[in-house]
Amino acid sequence: MIAGSRFSFVDLVGESIAGLFSRPGRAILTILGTALGVGTLVATLGIAKTAGNQIVTRFDALAQTEVLVEPVSQPGARRQSVIPWDAGARLSRLNGVEAAATLSQVPVDGLISAVPFNDPLRQTEFSFNVYAASADLLASVRGTMATGRFFDEGHSNRADPVAVIGPAVANRLNLTRVDQQPAIKIGERIFSVIGIIEEVAREPSLLSAVVMPDGTARELYDLGAPAEVHIDTVIGANQLIARQAPIALAPNNPDLLEARTARDPREVRQVVEEDVNSLFLVLGGITLLVGAIGIANVVLVSVIERIGEIGLRRALGAGRRHIARQFLFESLLMGLIGGVIGASAGVLAIVGASAYNQWTPVLDAWVPLAAPAVGAAVGLIAGVYPSLRAASLEPVDALRAGV
Amino acid sequence: MTLQAPTGVAVGPGHPVVELIDVSRVFDTTPPVHALRDVNLAIADGEYVSISGPSGSGKSTLLNLLGLLDRPTSGTYLLDGIDTSDLGDRRRASVRGQRIGFVFQAFHLLNTRTVLDNVVVGQIYNRIPRNERKPRAIAALERVGLAHRIDFRPDRLSGGERQRVAIARAIAHSPSLLLCDEPTGNLDSATTEAIMALFEDLHRVDGLTLVVITHDEAVSARAPRTVNIIDGLLTESA
Ligand SMILES: Nc1ncnc2c1ncn2[C@@H]1O[C@H](COP(=O)(O)OP(=O)(O)OP(=O)(O)O)[C@@H](O)[C@H]1O
Ligand SMILES: [Mg+2]
């Protein structure tokens, strides 16, 4: 009796590689298709992850220490602030609060100008936001002074006509030094500038605003109540302070106040990842599909071209499954090589994009590891139909059709 | 697997290697082609038979049936006494791989592989241990006088050299039945002579059962036994 034909794995690999490289140019082009698809997928997942991570690290520190308290806006009802003027002092007593300060817009009429103005040809009057704040504002928004000083409680209590200006205002009014306490006009009133802000981490509108003490605004502009409170907390205390602040500020009706914290950074990261992902994953998927069709097409063409070879192999003892296996493996190999190349290219793209943006590249370890498997699976699936076609050929017909 | 050489065995009472009983092959074209009609043929172990006949008479069709590449439309084909119509696809493939060697009219060499590779590929499906394949291939190539062309690609070889590569491939795995379709079809008389001598050697020394298709009178005359096919009908010539 005769034992069955066999086609060992080593022979399968050898014959498949030989088959692939009998047409190297075509194989390489086909492999590129898959490489492109896999590369896009890897790069997409990596860049989304990297960007998401970047957002988190950048906003983490700031976001986890920030609370903003505002009156609940009630449609219809007149917006009546229940925030007390000593909000900053009250909140500072809470454990976990680093600094707290009120901030309100001051309704001024008239423009702002430097005094004296000496250049009639240039514009000298400007429109800037004017705010009233308590003394701790700078710490609450994590700001720094370029020169001079921020006002203190004494200024507020005495309703001194002093102001601190943002760098944009200083620039327009041509003020660089405050040691002489230069005067500016807000409408018809004269204020002394005692400091220029350099930078703020929060509330960037302060950079182009004029800020006066609460007491001054109450006295000169009849400011009724503070509009909002900015709180800087120790890291991680923001959620807790957000719960406590309304009660501390308005024990009788805390419901009228709303404390907002920055969105949970993990949520932000997820949103970013999903945004980037959904777009490019679709792109990568389509590329991969096109790559798969490319493989299927090339393997099919190669089956048709190699009909004579198929007939020969059948004559040499190959069973149908051996023929199918060989073409399937050639297809799988193209997908696998494409997957490896794509994974490498994708990782390089992530590193490149990160280097360019000075980010830390982040990638789930399974992504580059799974990529070749994805490529191989694509090749395998693409090879099914051509391989079955090859296997279904009758040996005589194959020998007759091909040379 | 090399068999003892029962030189010059006629179709005798011993059981034949190949036995066709009332075999017909009809191709389902319109109109149908009766390529073989009620063929009866017995070939004994170690016999050397040449098959001749005009073009289109059914010689290749007969060879394909003998080689289990095709199935008869009707009739019985016994190979080693076993009815081949009982054999499934897999079994037929393994019989082809281990017992039969083919030399095709169109060579069927793999042009992207070396001569040596071509002969090695002939042994991958039939359970020949990997480390034996190369020595066997080299021995077969030496036998056909192509040891110096081992690293060539077939498309760089002359027609006669290609034919000899095909023969080396067909004998490297020591088949017991060698089926050759026009093995000297493209060759000059000197090369034909060399190849015929090789066949006679395989037959005499190795005891191969040899079936050679040819329409060359001189070639067919060298075989101890000759059968003729005309229009699918087989006749034994004396
Ligand atoms: N698959 C097929 N379908 C239809 N007809 C076929 C098929 N194969 C062979 N034939 C026909 O069967 C007949 C015998 O063909 P075969 O190939 O056996 O001839 P041959 O004797 O080998 O001829 P040659 O000497 O030219 O090689 C021819 O008429 C051929 O056209
Ligand atoms: Mg023929």
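1. Which side chain has an N or O atom 2.7 Å from a nitrogen atom of ligand 1? That side chain belongs to A:Arg400. The model is predicted, and the distances below should be read accordingly.

2. An oxygen atom of ligand 1 is 3.0 Å from a polar backbone atom of B:Gly58, and a backbone N or O atom of B:Ser57 lies 3.2 Å from an oxygen atom of the ligand. The protein buries 72% of the 630 Å² that ligand 1 exposes when taken alone.

3. Ligand 1 sits between chains A and B, with 14 residues around it. The closest are A:Arg400, B:Ser55, B:Lys59, B:Ser60 and B:Thr61. By class, the shell holds 8 polar, 4 nonpolar and 2 charged residues. α1(B) gives the most to this shell, with 3 residues.

4. As for the protein interface, 29 residues of chain B are in contact with 32 residues of chain A. About 2,900 Å² is buried between the two chains, and carbon and sulfur atoms give 57% of that area. In chain B, the residues that lose the most area to chain A are B:His108, B:Tyr125 and B:Arg127, together 26% of what that side buries.

5. The rule finds 5 salt bridges across this interface. One of them joins A:Asp11 and B:Arg130, with the closest N and O atoms 2.8 Å apart. There are also 13 residue pairs in polar contact across the interface. On the side of chain B that touches chain A, the largest share, 10 residues, comes from α2(B).

Definitions and conventions: Residues numbered from 1 in each chain as written. Chains lettered and ligands numbered in written order. Predicted model: local features only at pLDDT ≥ 70, side-chain atom pairs only at ≥ 80, totals over all residues. Heavy atoms only, no water. Near = heavy atom within 4 Å. Polar contact = N/O pair within 3.5 Å; in protein donor to acceptor, adjacent residues only side chain to side chain. Areas by Shrake-Rupley, 256 points an atom, 1.4 Å probe, with all protein chains shown as cover. Helix = DSSP H or I, 4+ residues; strand = E, 2+ residues; numbered from the N terminus. Nonpolar A, V, L, I, M, F, W, Y, C, P; charged D, E, K, R; others polar. Contact = heavy atoms within 4.5 Å. Buried area = accessible area lost by both parts, 1.4 Å probe. Salt bridge = Lys/Arg side-chain N within 4 Å of Asp/Glu carboxyl O.
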